[in-house]
Amino acid sequence: MKISGDLLIGGAGIRGAAEAFSAVNPANGMLMEPSFGGATKEQVEKATALAWEAFPIYKEISLKDRAYFLEAIAERILELGDTLILRALDETGLARGRLEGERDRTVGQLQLFANEVREGNFQELRFDPADADRKPAAKPDLRLRNIALGPVAVFGASNFPLAFSVAGGDTASALAAGCPVIVKAHSAHPGTSALVGSAIVDAVKACGFPPGTFALLYDSGYEVGQALVADHQIRAVGFTGSRRGGTALMKIASERKQPIPVYAEMSSINPVILYPNALRHRGAEIGHSFASSLMLGAGQFCTNPGLVIAIDDTGLDAFIATATSALVKSHAQTMLSASICEAYYKGVAKLTASSSVSQVAAGMGGTPRQAPAFLFETTAAAFLAEPSLQDEVFGASGLVVRCQDEAELKNVIGSLEGQLTIALHLDEGDVQAASKMIPTLELLAGRLLVNGFGTGVEVSPAMVHGGPYPATSDGRSTSVGTLAIYRFLRPVSYQDFPMELLPEPLRQL
């Protein structure tokens, strides 16, 4: 399939009339063909108008047909074959195995939501029949269902060009809920986005759905994203990216005449708490696993472990020694873009410059476009005194905090911001100490795990990929798993409706 560089609006390719840009191969810095025209304000408005026009039709399409549509998207993504993988390889610098696995995850998410739609439980139909004989006043007939919010703006993520981008979890869950979607493609991988966007457009056409059901827009800056969030016909936003970007969109959304929800995944350092018995018995083993998780994907997962908290003893020394051994032998990895690589080095330099932080290990260097892994350590007192040590360094950089005792460990944990994940490493003798901490940890993270690391987010009905601010803008939600559909729904109650006026699902009684 040839990539045109056109916007996808109303089921057709339209050349963006704003400033054009090209993808950059992160491994060698070379520009890639074709160029992509940015969307103008008028083109954004055309996309949102078509989405609003499609909304009343698409939201009432049968669950069977909506589920088939999601599966049709999945099939067309698979049909792209190596064309998709090769373009993503060139635009991201990620390994083939990683991208093929991410494609499978993207397809699996779509199929999972198709099953969720068929079952229909997300509608949460409720029936409370009338009682004319109730005293002192008759009881009305009440029926309730969840309906789609309206058109949703989705922002493609830099670090997941497939699973959190054009046809990723936000798009899949919004379409499953009955919402048309307008995607603002990430400027780092526009060709990958174009291929997937074309697959969705083909599925829209094949299913006979309104052409405004899906649109794909490009922009190398911020104007298109800001215009989308401000547009009165957009009713929700899905975003994965930096805290700065997420909070900027939240501000725009809150200042609208009709404020809308922004579901933004933004910042997390994913603390790892090492308990004494686990360290004594398995410190070296845990250290090796930690190093692997830290370096996974050049540390560019939102769930890489960036902070280790432990009571200082010989077990901790074994942990650090093994992690160090793995890190110093590791090769620098290509990062997703020059800007991400630059930000990573700035974060590392900030830690290096701190008088309260010591560098423990560094991986082997590479090209100017690659970044090695780093490990630092500090004391609990210094960590508590210097809040900036909590700042996320997006990449393979970790910080170990040495605590004198359990009380100091508790204080460090109590100082933390909201997180996506918190991992506990413990043995049988640590259970009592850990149990005292669980109520605090539940308030800090969306996912708690034992004897593992947050990398590897299972797409499951029981998964929560979210957490208190700043991990996400709304800690009551998840961007992974079937619960994600509820972000784009709202309840409506129908009182004393004649049967012929009721929506079809509520005519059961």
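1. Cys 403 is buried, its relative accessible area being 1%; here buried means under 20% relative accessible area, exposed over 50% and partly exposed in between, with a 1.4 Å probe and protein chains only. The model is predicted, so local features need pLDDT of at least 70 and side-chain atom pairs count only at pLDDT 80 or more, while totals for chains, interfaces and linings use all residues. Residues are numbered from 1 along each chain as its sequence is written, and side-chain values use heavy atoms, with hydrogens and water left out.

2. The structure contains zero disulfides, a disulfide being a pair of cysteine sulfur atoms within 2.5 Å. Cys 302 is in none, and the nearest cysteine sulfur, that of Cys 341, lies 19 Å away.

3. The largest nonpolar core has 80 residues, of which Phe 69, Ile 77 and Leu 217 touch the most other members. Such a core is a set of buried Ala, Val, Leu, Ile, Met, Phe, Trp, Tyr and Cys residues joined through side-chain atoms within 4.5 Å. Helix α6 (residues 190-207) supplies the largest share, nine residues. A second, separate core of 64 residues includes Leu 375, Ala 396, Leu 409 and Ala 434.

4. Helix α8 (residues 243-254) has twelve residues and reaches 16 Å from its first C-alpha to its last, close to the expected 16 Å at 1.5 Å a residue; the expected span is 1.5 Å times one less than the number of residues. Helices (H or I, at least four residues) and strands (E, at least two) are DSSP runs, numbered from the N terminus. Gly 246, Leu 249 and Ala 253 are buried in α8. Seen down the axis, the buried residues of α8 fall within an arc of 65°, so they line one face of the helix; the arc is that of the directions from the helix axis to the C-beta atoms. They pack against β7 (152-155), α7 (223-230), β10 (236-240) and β11.

5. Ser 267 sits in the loop between β11 (262-265) and β12 (271-274) and, at 10% relative accessibility, counts as buried. Leaving aside residues up to four places away in sequence, Ser 267 touches Arg 243, Glu 392, Gly 418, Pro 470 and Ala 471, contact meaning heavy atoms within 4.5 Å.6.
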